[in-house]
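Okay, thanks everyone, let's get going.

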Amino acid sequence: MEGDDCSFPLDSSDDHSQRGSVASSATLSRAQDVLIYLFGESAVHLTVEGLGSVNVQELGRSVREALHIPESAQDAFAFWLCSPLLDLQLKARHQPYKLCRQWQDLLYRFTEASEEDISQDEPYLQFRRNVFYPKSKELQAVLRLLYEEARSNILTGRYPCDPEHWMGLGALSFALDEGTGLDGEQFTAIIREKKLSSFLPAHAAMGSGGLFSTLRGKSSRQAGLEQKLLEAYRKISTSAGKSPEPTQLLHQYLNTCHNLPYYGCAFFLGEIDKPAQGILQRGKRKAVSVGICLEGVYVMDVKEKHVLLGLRFNELSWDHSYPEEEGDSHILWLEFDGEEDGTPVNKLLKIYSKQAELMSGFIEFCVELKSASEGGAAAEMDGSNKNGRGGRRGMLHRQNSVVCSRVHSLNTISYVDNGKEIKRLKPKRAASFFTRQASAPTYSAVQVTESLEQG
């Protein structure tokens, strides 16, 4: 995000749950103590001269030195201003202190939060993964920091994954925290002390609950999860014939996360229309999380913790529209291939969000960055791609995995010409269907099914 002003919080306490406060301008001329937070509830303590004018590039040198991050991995991490209401990745020229002083203005512009919530919200400065850092280079960087971030996103459900994956990841986390040589009784004692939610996603560990759930049923479910986690843990301990090194476990954890298409995304909040199921259901919306990275755009159900729509940049067109009247919403529009009654159509998904402008700009930057890095290689691939525009592309396959798109559950707009003939529009992919033009678009294969199940 472009911005002239910037600011970040200070905190001299040891309580990391209280994320700090903005320094008084009267004290900015002298050295100030600054906490820069990491994932895992740890922080880097710095003493900074000229806090009001220091920029991200200058802070980065101090943090990397404190964490012993090699120069070869300096681009793996970035500074973020974060709060419960908004996360923003900063650029090298940004001055965090000044941006923090503008935080309320940013919240009014990019969130739907109430005035009371905005007045009480306070950002903190976090050092975490750079959205634009390639996964292929990641394992050469500082594994533990990347692991803590990935683990946090798994446990909170920000990275949806299937049970076999989050169970394996939970076992790896347990092995990293406690070692690989524990017997069943020791394992159970630690799980009872630290709780399953320390190793498994909260929605999985706690269950759906509800008015009619019983303590006995919940206890039985917990015992089942503990047993499965123990079995996965034992596989780690015995798979190599000897106890694996922590570095091996970190590599394994991150490699598993790399298989999630939205790994490393920046996330934005929004809402989409629910499919109409009668008069009373009309006008209702579903809360979604929109992940954007160098690979594409992913729309996820905040409540159900699964993917609703996942699109590579060569499979979509997009645009952002401003409110036309007071009370209207900013909208991010995503257009993609679909089908109705066996006929190909173009579907249009509306994502309501005050962050739509940020998302649109972020997509554009990712597309440009990806195009520049791929160059002529993409055009060469296009010529040999059997699922390209030379013929009809297959539809995304509806599956049970939380990672697969659920296009059938989306309330989308389809293009129809005069109610008789389906008109299949073909805008430039990874471009706005209103204004943008992308050079040398490419089309990659998607998973197909003979019986097209979604509409």
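So, to start: how are helix 5 and helix 10 oriented to each other? Before I answer, some ground rules: this is a predicted model, where local features need pLDDT of at least 70 and side-chain atom pairs count only at pLDDT 80 or more, while totals for chains, interfaces and linings use all residues. Residues are numbered from 1 along each chain as its sequence is written, and side-chain values use heavy atoms, with hydrogens and water left out.

The axes of helix 5 (residues 143-155) and helix 10 (residues 246-258) come within 10 Å and cross at roughly 45°, so the two are oblique to each other. The contact involves, among others, Leu146, Tyr147 and Ala150 of helix 5, and Leu250, Leu254 and Cys257 of helix 10. The crossing of this pair is left-handed.

A quick word on terms. Helices (H or I, at least four residues) and strands (E, at least two) are DSSP runs, numbered from the N terminus. Axes are lines fitted to C-alpha atoms, for helices over the stretch in contact, and angles run from 0 to 180 degrees between N-to-C directions. Under 35 degrees is roughly parallel, over 145 roughly antiparallel, 65 to 115 roughly perpendicular, and the rest oblique. Left-handed means the near helix is turned anticlockwise from the far one by less than a right angle; clockwise is right-handed. Contact is heavy atoms within 4.5 Å.

Helix 5 also packs on helix 6 (residues 163-178), at about 135° with the axes 12 Å apart, so that pair is oblique. Helix 5 passes helix 6 in a left-handed crossing. Here Arg144, Tyr147, Arg151 and Ile154 of helix 5 meet Leu169, Ser173, Leu176 and Asp177 of helix 6.

Back to Cys257, then. The whole structure has 0 disulfides (cysteine sulfur pairs within 2.5 Å). For Cys257, the nearest cysteine sulfur belongs to Cys161, 7.4 Å away.

Last stop, strand 12 (residues 317-321): 4 of its 5 residues are buried, so the strand is largely enclosed by the rest of the structure. Strand 12 pairs with strand 13 (residues 331-340) in the antiparallel sense over 5 bridges (DSSP needs at least two for a pair). In that pairing, Ser317 stands opposite Glu335.

Terms used. Buried < 20%, exposed > 50% of the residue type's maximum accessible area, 1.4 Å probe, protein only.
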